[in-house]
Amino acid sequence: MSFPGISVLLPWCFYMVCYGHERQTHAAFKGASFSTLDHLCISLWKMLLRTLWSRLGAQRLAGSKPINWRCDQARFYSSNIVKSVLKPTLQPAMVPPKGKRPPKGPRTKQPSRANQPSMKEDEDMMQCIAFATADQYHLPTLSHDLINHGFQEIDLPRDASNVLVISTENPAKPDDDALIFFFREGSVVFWNVEEKEMKKVLRLLEHHEIQPYEVALVHWENEEINYTVGEGNTKLERGNFILSYEMDQHEAVLEKFAFSNALCLSVKLAIWEVALDNFVESIQSIPEMLKSGRRIKLSSAEVMQKIGELFTLRHCINLRSDLLLTPDFYWDRENLEKLYDKTCQFLSINRRVNVVNEKLEHCTQLTDLMRSHLSEKHSLRLEWMIVILITIEVMFELAKMIF
């Protein structure tokens, strides 16, 4: 194609892509006459420059968003954005002081001093400890491995299929049996188990974990509640479990299961709270950077990764877990449901879930703002590229007309 042909088609294509509508274009050229191809080219360039300049000028004066060159263009996002929420890739902009940072307090429930029993009563009580060690457990292989090491499996009702109950012959105290509850969601609860036996089970558990958590985090965010066997009905009193000795073995296991289910939710929620705190720490400098007008040094891929981390946390808390509703297992077991709800209330699970969701909502708004900012920068870059191309073409036309 000849040079004048390019000069005519280039502005015509830009005009049609950016602002082109058939009716407007017909009205713009209605009644116009062009004697030569050069006259047509110059008229097209004048029309495009006049329209572009008026839009850019009106936009800058009004302080609106950059021009959307193609409003009907679809947006596509990468599906490979979900990463491990416990290992953020972005580092906070603020440099921490030298030396070891003191750890924050655990998120799990700690009874107040006024509710704690005396030292003598504490010595007579047995201990119940809950850990969240991984994202999930592979229960079939775990059961086979534990049975080969001398442990015994206890059967539960069929609607409790996501739990594995194991007994051991070496209880910490002779007042009650030693039981271990393994939840498929990645939590384990020990009832009256010796510390040596507990460490042995945790070592075996490492081979059946899916996406394990850090060991220091596992031992920091745990639940420790004392319990004893006494008269009357089973209940939660003064931060301790009181089990009824009148119950048979099967009913006692179900009551412990109800308590363990609530403890499992609490330790899992504590892990997710730590993950959310790490996320907030990685983006805490962005609002100050926006306020001071400094440049945000984040790429589009990093912003999308942060959005993926947020949606992963929200999915785990609100969809994949039982934090927002009571499990179906307690539908026709009213006495166990009361124990489960009472323990959840003691551990402040509902309040903690509401706080986490409020933080997630705020972080989502901030990441949307970051994505919008990057989109505006990209649109502005495209605008200036088009202006530069038009300027170069006009210079060529002027040089042709003069020389």
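These are my notebook entries on a predicted model of a protein.

**Entry: the whole chain**

I began with the overall make-up. I found 12 helices and 10 strands in the protein. Of its 403 residues, 43% are buried. Next I looked up the contacts with a separation of 6 or more, and 74% of them come from residues 24 or more positions apart.

**Entry: helix H10**

How far apart are the end C-alpha atoms of H10? I got 28 Å for this helix, which covers residues 300-320. With 21 residues at 1.5 Å a residue, H10 should span 30 Å, so the two values agree. I also checked which H10 residues are buried, and my list includes Val303, Met304, Gln305 and Lys306. Further along H10, Leu310, Thr312, Leu313, Cys316 and Ile317 are among the buried ones too.

**Entry: salt bridges**

How many salt bridges does the structure hold? I noted 10, and I followed up three of them by name.

*Arg333 and Asp159.* Their side chains meet in a salt bridge at 2.9 Å, N to O. Arg333 sits in the loop between H10 and helix H11 (334-346), while Asp159 sits in the loop between strand S3 (152-154) and strand S4 (163-168), so the pair ties together parts 174 residues apart in sequence. Asp159, at 43%, counts as partly exposed.

*Asp176 and Lys256.* This salt bridge comes out at 2.5 Å, N to O. Here too the pair links distant parts of the chain: Asp176 is in the loop between S4 and strand S5 (178-183), Lys256 is in helix H8 (residues 249-282), and they are 80 residues apart. I looked up burial for the two residues, and both Asp176 and Lys256 are buried.

*Lys235 and Glu237.* In this salt bridge the closest N and O atoms are 3.7 Å apart. Lys235 is partly exposed, with a relative accessible area of 36%, and Glu237 is partly exposed at 40%.

Note on methods:
Residues are numbered from 1 along each chain as its sequence is written. This is a predicted model: local features need pLDDT of at least 70, side-chain atom pairs count only at pLDDT 80 or more; totals for chains, interfaces and linings use all residues. Side-chain values use heavy atoms; hydrogens and water are left out. Helices (H or I, at least four residues) and strands (E, at least two) are DSSP runs, numbered from the N terminus. The expected span of a helix is 1.5 Å times one less than its number of residues. Buried means under 20% relative accessible area, exposed over 50%, partly exposed in between (1.4 Å probe, protein chains only). A salt bridge is a side-chain nitrogen of Lys or Arg within 4 Å of a carboxyl oxygen of Asp or Glu. Contact means heavy atoms within 4.5 Å.
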